[in-house]
Amino acid sequence: MALTPLVYWAQRHEDIYLRVELTDVQNIDVHVDENVLHFSAQGHGAKGQNEYKFSLEFLLPVKPQLSYKSTQRQVNITVHKVQRGWWERLTLRERKPVFLAPDFDRWLDESDAEMEIREKEEKKNRLKASRQKEAGFVSLKTVFLIVYNLVQFLGFSWIFINMTVRLFIIGIDSLYDTFHTISDVMFFCQILALVEVLNAAFGVVKTGVIPTLIQVVGRNFILFIIFGSLEEMHHKPVVFFVFYLWSAIEIFRYPFYMLGCFNTEWKTLTWLRYTVWMPLYPLGVLAEALAVIQSIPIFDESKLFSIPLTKAIGTSVSFSYFLYIYLVLMFLGLFINFSHLYQQRKRRFRTKKRKAN
Ligand SMILES: CCCCCCCCCCCCC[C@@H](O)CC(=O)SCCNC(=O)CCNC(=O)[C@H](O)C(C)(C)COP(=O)(O)OP(=O)(O)OC[C@H]1O[C@@H](n2cnc3c(N)ncnc32)[C@H](O)[C@@H]1OP(=O)(O)O
């Protein structure tokens, strides 16, 4: 014979919550038919293992769709009211069924329930406001990156085009005065490139700090110390090769980043950004190494940046010793950045392939 389980109830403005006190429940059948909830299941209740049943005719209309969840200890049923409001009791009949009792764990009176709604709304509004703030920050960051990449793109394009045009018009002679015609713009672009280290350090872009630091410090060392501080270097053709190789990659890299800021991609540009560095990077390092080697006798002779030792010893340590160490560091830096760029390339084309499948 079917028995009746203990049922606890509570309400909110929009829902009715029922908790059926049955453990290890099986074969649950729960549905609403003509505003009456019918429940039947096998489980362990107040009268031991048995089949339990009950039905409840609701005071006001409820939706036929309900949801329920059974746990090891109970069955939780949620019924949705057709009209939002507070019911004075659960059932149509004034006399409360004996198996029904208030669920004090979830019980709220009308004003508490309203407070709960208000709190929920406030939480929702706070969440919305913080999302809007976040979106504002994201768009500010995007604008900043677009402007940064655009400025760098224009700077390096100017350098690349200027050098190419001069090479075609003046010929080989243009190699000897690259520094005088290009260095100001190169100084500007390379000082600005320090922003990239900060971007990586503060997580503005998803990239490693070390490869960026190696890149920026490495280039600025060549630009400011080797070329900038030695007038004798200004007329050497090596300046042309270094500047040309640097700018040749940047005219692809910065527009690639710019398109990324618009969530857009141009496949040819992506391919160029992640491929052109393969010949350019080793060539760039070779050109930089050549510049360092050419500068060594000049530093030795001029004693620029040499460290004076005590009068007793009466000599100084030439900057060129540091340059020999730097030459080793350069190839270490080349190795680190080459592997970094290779990983970036693999990651890029792997994800693209996966997306395409
Ligand atoms: C610690 C002291 C060091 C002392 C140094 C001593 C040793 C010196 C050795 C120096 C050797 C340097 C030689 C070098 O100067 C020679 C040359 O440059 S030759 C020319 C060829 N060069 C190159 O090809 C290198 C160009 N440079 C680079 O690619 C980067 O600077 C590098 C840091 C090396 C790598 O870039 P990154 O890690 O950023 O790779 P990704 O492009 O894949 O970017 C990763 C994601 O971040 C997004 N991102 C990055 N920057 C921006 C940006 N400005 N705006 C918007 N978004 C950006 C990018 O879109 C990627 O996101 P996603 O994956 O979602 O697409």
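In the hairpin of β3 and β4, E34 adopts a positive phi near 50 degrees, with two residues between the strands. The model is a predicted one, in which local features need pLDDT of at least 70 and side-chain atom pairs count only at pLDDT 80 or more, while totals for chains, interfaces and linings use all residues. Residues are numbered from 1 along each chain as its sequence is written.

Helices (H or I, at least four residues) and strands (E, at least two) are DSSP runs numbered from the N terminus, and two strands pair if DSSP finds at least two bridges between them. Strand β3 (residues 23–33) pairs with β4 in the antiparallel sense over seven bridges, and D29 stands opposite S40 in β4. On the β5 side, β4 and β5 (residues 48–57) are also antiparallel, over ten bridges; a hairpin joins β4 to β5 through two residues, and H44 has Q49 in β5 as its bridge partner. Side chains in a regular strand alternate between the two faces of the sheet. In β4 (residues 36–45), L37, F39, A41, G43 and G45 form the covered face, whereas V36, H38, S40, Q42 and H44 form the uncovered one.

Residues 280–299 are 100% helix and 0% strand, with end C-alpha atoms 28 Å apart. Residues 319–342 are likewise 100% helix and 0% strand, and their end C-alpha atoms lie 34 Å apart.

Not counting residues up to four places away in sequence, A291 touches I222, I226, M233, V238 and V242 (C-beta atoms, placed from the backbone, within 7 Å).

Finally, 36 residues surround the ligand (C-beta atom, placed from the backbone, within 6 Å of the molecule), the closest being T207, G218, W277, G284 and G333. Elements giving two or more residues to this shell are α1 (110–170), α4 (209–228), α5 (238–261), α7 (277–302) and α8 (319–356).

Notes:
Buried ≥ 20, exposed ≤ 12 C-beta atoms within 10 Å, placed from the backbone. Contact = placed C-beta atoms within 7 Å.
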